[in-house]
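I opened this entry to look up cores, overall dimensions and a few loop residues. My notes follow.

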Amino acid sequence: MSNNLDSWRRLPAAQQPEWPDRDELDRVVTELAGLPPLVFAGECDNLKAELAAVTRGEAFVLQGGDCAETFSGATADCVRNKLKTLLQMAIVLTYAAKVPVVKIGRIAGQFAKPRSKGTEVRDGVELPAYRGDMVNGFDFTPSSRRPDPGRLLRAYHSSAVTLNLIRAFTKGGYADLRQVHAWNQDFVSESPAGKRYERLAREIDQALAFMRACGAEPEEFHSVEFYSSHEALILDYDQALTRIDSRTGRPYDVSAHMVWIGERTRQLDRAHVEFFSRISNPIGVKLGPTTTAEEALALVEKLNPDNEPGRLTFITRMGASKIREHLPALVEKVTADGAQVAWICDPMHGNTFEAPSGHKTRRLDDVLDEVAGFFEVHRALGTHPGGVHIEFTGDDVTECVGGGTEIVEDDLALRYETACDPRLNRSQSLDMAFRVAELYRSA
């Protein structure tokens, strides 16, 4: 792995902002390059080892969080609610899958989003599209939508605050297993769909009571390992936060433990794939329904030439209506080639539609159907369904339709708060965890 981290600059880079002041960008990048790392290379290696277990079929990934984080969302309440929801999902999946669950947040860096169009038109006024708080503002005004390099620094400091909160919560007793299970018992008793989940919740309760009676008090009951991840879209930011590890002499993107390449930027001859080939983090690549097995194998060769387990994760985002048709050939041919990759299902991005009200939304039933299809394909091929990657919030928003506490399309306007794509709310996320647990048990 070469340390030539500038090699991507010779190639076309998709989805980059048109910064109006390059000198200001250079100044910001220089300042970022001198700031402390947000995560450490050793932590990235720990995650890689856990993802290697996923690759071998010995663990399961739960990756989730905001579609696009906002600077205003870096508060103790917002971070705690997201963490609480993810931990609640994880305990259910751990019990059902009988394997460790690797917990990865779309958090502390998910401030940039790719857009299908570079501009947005409202009432005859055309302005740059909102590309996430790392680039510009959500308000539809010329000053807000102007890309501002200073926002890269705000993204760094907001990420630092968020990671500090996460470390405090996960190591300070908030993540205690029995407390998390008590939250799930509250959910089961209050949810209209709760009766369906009573048996599983009762089993977990009995298992915890048995261990308590045996005097089992392992450290893992009181704290959790939690990792950060984001789509490394704005390459100037992620390169500025890449450091050479003093232990190994290898480069790590220390803006997050894991970074991924999106469906729109995974071209082999473009800048994102080139940059990712130079860093040592565990990395992911989103694969949509048009991906061919040949493309997937070429990505393996470019991004994981040493075939190192835990280095590369394929995150499939096919859509509920396409996954059963398009995923089998991909998994079958990549597996037959001997490629050591983990497979994760993103059931969100292929299932978005526009409601009559104009809101972008997703049906929870479609999300669950894609996850079911993902499990079916892997079970049929004898391969491991390695995890799920979802967009959710710990708040009671109304952005996706369906769920035990059902949200219908007419409800979307009540609390539609996302900065970009629709997210599952807390109740829908827990519904999903229990349903995925059922898929595991029926396999």
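I began with the largest nonpolar core, which holds 113 residues. Y237, F314 and W343 touch the most other members. I took a nonpolar core as a set of buried Ala, Val, Leu, Ile, Met, Phe, Trp, Tyr and Cys residues joined through side-chain atoms within 4.5 Å. Helix α3 (residues 76–97) gives the largest share of this core, 11 residues. I also found a second, separate core of 14 residues, which includes V102, M258, W260 and A342.

Before going on, I noted that this is a predicted model, where local features need pLDDT of at least 70, side-chain atom pairs count only at pLDDT 80 or more, and totals for chains, interfaces and linings use all residues. Residues are numbered from 1 along each chain as its sequence is written, and side-chain values use heavy atoms, with hydrogens and water left out.

Next I listed the contacts of F314 (heavy atoms within 4.5 Å). Leaving out residues up to four places away in sequence, F314 touches V285, L287, A296, L299, V300, V334, V341, A342, W343 and I344.

Then I checked the whole protein. I counted 13 helices and 14 strands, as DSSP runs numbered from the N terminus (helices H or I, at least four residues; strands E, at least two). Buried residues make up 58% of the 443. My cut-offs were under 20% relative accessible area for buried, over 50% for exposed and partly exposed in between, with a 1.4 Å probe and protein chains only.

Which loop holds N304? I found N304 between α10 (293–303) and β10 (312–316). N304 counts as buried because its relative accessibility is 4%. Beyond four places in sequence, N304 touches L299, R311, L312 and Q340.

Last, I looked at backbone angles. Most residues other than glycine have a negative phi. K98 is not a glycine, yet its phi is positive, about 60°. K98 sits in the loop between α3 and β2 (101–106). With a relative accessible area of 57%, K98 is exposed. D123, also not a glycine, has a positive phi of about 50°. I placed D123 in the loop between β3 (119–122) and β4 (125–128). Its relative accessible area is 83%, so D123 is exposed.
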